[in-house]
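Thank you all for coming; I would like to take a few minutes on one model and go through some local details. Please have a look at it with me.

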Amino acid sequence: MNEKKKTICDLKRLGGRLCLDFINTLDWRGTRQPVEYMHTYEDLTLWSRCAGVAGESEVAALLQTAWADAAKADRIVKGAVKLRETLHRIFYAIIQGRAPAPRDLTAFNTSLSKTMKHSRIVAVKGGYMWDSNRDKGALDWVLNPVIRSAADLLVSSDELKRVKTCLDTACGWLFLDTSRNQSRRWCDMKFCGNRAKASRFYQKRRRA
Ligand SMILES: [Zn+2]
C-alpha cells in the first residue's frame, strides 16, 4: 500500500491541554521503538500551526528566519524535544503519585521564567487573559503557550488529578480526563480501546 507518510499534524490531539498534546508528539512511548514526530524546526512550526498556536503567516515568518539561521533553528527543536521529555517525566511522576525529580522542576522553571518574561495580561471581552505569545521575533516563541499550559495544569490541583496515561502502556499518551465520573481509560477509545478489545477477543479465542 502506498500510504502517505504520517506527519506531526496527523497525530490526534486528544490530550485536552496543549502541553499534553505536545508531550504526545512522541508516539508509542511505552515500546522499545517510540516514534518521533519532532525532527526538524519545520515539524515544530507545523505542529504549532495544527495545534492552533501559530497562524499561517506567523509560521511563514518563522520559517523565513529559521532558514537564515539553520543552526539556531536546530538548537531550538532540540530544546523543544528536551522540554517535551522534561514535561513528560514531570506529569508521569505525578500520575504515578511520585514527586517529580527536582532537576526536572528546575529545568521547567528555567523555561517558565523565560516565558513569563514574554507574557502579559491582556483585556478581552468580559475579563482578562494571559498572552504568552509576545516576542514573535524569536524562533522559540511557539513554545511559550505550551509552557504556560503546563504551568497552569500543574497549579490547578483539580485538573492535575485528572491527568492520566493511556491504559495501553505501549501507547503511553497522556490526557486530561474530563469525563464526569473520571472513567476515561484510553487516549482514544476508537483506537487504543478497540485494539485492547480486539486483543482480548483474540486471546479468548486462542484459549477456547
Ligand atoms: Zn492510547
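This is a predicted model: local features need pLDDT of at least 70, side-chain atom pairs count only at pLDDT 80 or more; totals for chains, interfaces and linings use all residues.

Residues are numbered from 1 along each chain as its sequence is written, and side-chain values use heavy atoms, with hydrogens and water left out.

The zinc ion is coordinated at 2.3 Å by the SG atoms of C166, C171, C187 and C192, where donors are N, O and S atoms within 2.8 Å of the metal (3.2 Å for Na, K and Ca), and where sites may look incomplete because water is not among the atoms. The angles among the four donor atoms run from 104 to 119°, and the site is tetrahedral, a term that for four donors requires all angles to lie between 85 and 135 degrees. Along the chain, the donors follow the spacing C-x4-C-x15-C-x4-C. C166 lies in the loop between strand 5 (163–165) and strand 6, and C187 in the loop between strand 6 and helix 8, so this pair ties together parts that are 21 residues apart in sequence; helices (H or I, at least four residues) and strands (E, at least two) are DSSP runs, numbered from the N terminus. Both C166 and C187 are buried, meaning under 20% relative accessible area, with exposed meaning over 50% and partly exposed in between (1.4 Å probe, protein chains only).

Now to the backbone: most residues other than glycine have a negative phi. W28, however, has a positive phi near 50°, and W28 sits in the loop between strand 1 (26–27) and strand 2 (35–36), partly exposed at a relative accessible area of 25%. Q182 has a positive phi of about 50° and is found in the loop between strand 6 (174–176) and helix 8 (189–207), where Q182 is partly exposed, with a relative accessible area of 35%.

Technical notes. Four donors count as tetrahedral if all angles lie between 85 and 135 degrees; four count as square planar and six as octahedral if opposite donors are over 155 degrees apart and all others between 65 and 115; anything else is irregular.
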